[in-house]
Amino acid sequence: MDSVQVRLMREDDLASAERASALTFFEAERSTRRVSDPEVEPRSADASEQWIDRMRFYLSVDPGGCWVAVEEGTGAGGVVGFAISQNRGRLWFLATYGVLPSHQARGIGKRLMDAALDHADGRPGIFSSSVHAGATRRYRLGGFSLHPQMRMVGTVDRSTLPTVDGLREGRADDFEWMDRLDQNLRVAGHGPDHGYMLGTLRLVVSRDMTKPGYVYIDDRGRASLLAAEHPEIAQKLLWEALASSRGRTLVNCITTPNEWAIDVGLAACLDIGQEGYIAVRGMLVPAPYLASGHFL
């Protein structure tokens with residue numbers, strides 16, 4: 001009899017789930033690392049705290065989408081797998097998913113994904129996927145289309161930075177129109193996710209409400225989530241993020257419908273490469289849009 005139980009996540013699972021996540025993704029990144037990539041490093045203590053805080057937020061908003069696989073008798077929580085998904089209005093997204101390498105190929109991933117997809121209840125869905133062969137097979141069998149992503153990395157050539165106007169700092173009272181824009185681009189608004197992101201990221205928005213757009217920028221000057229009605233506004237927002245970058249930066253989750261981002265990255269002298277997939281079901285790939293790996 002299988003000693004692994006798949007059940008809803010509880011708050012007291014968070015520390016064990018974080019350890020399982022850190023090990024799972026460390027091994028996955030190390031196994032798929034390209035020669036030109038930097039050495040893979042273990043998750044930092046700060047990043048671990050941020051992971052736990054984000055999962056606690058998901059548990060508070062939509063606990064029915066948060067699942068763990070727990071092995072009996074392993075102690076310290078015993079989490080060996082996790083599938084954290086969320087419903088936002090008419091949209092479902094998968095925030096993170098994985099199974100410890102020592103427990104893969106035992107059907108645990110399928111059980112976790114089945115539980116998360118049951119929670120979707122037929123909604124359109126979206127998530128960002130690695131290139132892990134077992135995971136991508138599971139996604140395709142779940143009815144998702146896999147669209148290759150690109151990323152751009154490097155140090156911005158400061159001499160290429162244009163003068164960007166028409167933007168301002170964002171506020172909580174922008175969330176209403178931001179959600180309307182989200183609905184047009186990705187079926188549903190981010191809802192409570194905007195409040196969480198505003199607490200941890202810088203928000204920059206378009207001044208012109210006839211051409212709305214916004215970008216969340218992290219403390220290293222990287223665009224964490226970008227949405228716009230027109231590519232020209234999207235490019236301005238991305239340039240603003242690149243202007244605030246320090247040292248090497250990253251622009252990721254670039255899909256073919258978002259070639260406007262490639263044009264900006266090339267102009268800034270960043271290098272282009274491939275990076276996993278955006279998986280969608282029942283919807284188009286959003287554009288102009290750079291998805292967040294966590295909030296999609």
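Visitor: In which sense do strand 3 and strand 4 (residues 91-99) pair?
Guide: Strands here are DSSP runs (E, at least two residues), numbered from the N terminus. Two strands pair if DSSP finds at least two bridges between them. Strand 3 and strand 4 have eight bridges, and the sense is antiparallel.

Visitor: What kind of model is this?
Guide: Local features need pLDDT of at least 70, side-chain atom pairs count only at pLDDT 80 or more, and totals for chains, interfaces and linings use all residues; the model is predicted. Residues are numbered from 1 along each chain as its sequence is written, and side-chain values use heavy atoms, without hydrogens and water.

Visitor: Which residue in the turn between strand 3 and strand 4 has a positive phi?
Guide: The two strands form a hairpin with two residues between them.

Visitor: Which residue of strand 3 is the bridge partner of Ala 69?
Guide: Strand 2 (residues 66-71) pairs with strand 3 over five bridges, in the antiparallel sense. The partner of Ala 69 in strand 3 is Gly 81.

Visitor: How many residues of strand 3 (residues 79-88) are buried?
Guide: Buried means under 20% relative accessible area, exposed over 50%, partly exposed in between (1.4 Å probe, protein chains only). Strand 3 is largely enclosed by the rest of the structure, because its buried residues number ten of the ten.

Visitor: Is Cys 269 buried or partly exposed?
Guide: Cys 253 is buried, at 5% relative accessible area. Cys 269 has 44% relative accessibility, so it counts as partly exposed.

Methods: Helices (H or I, at least four residues) and strands (E, at least two) are DSSP runs, numbered from the N terminus.
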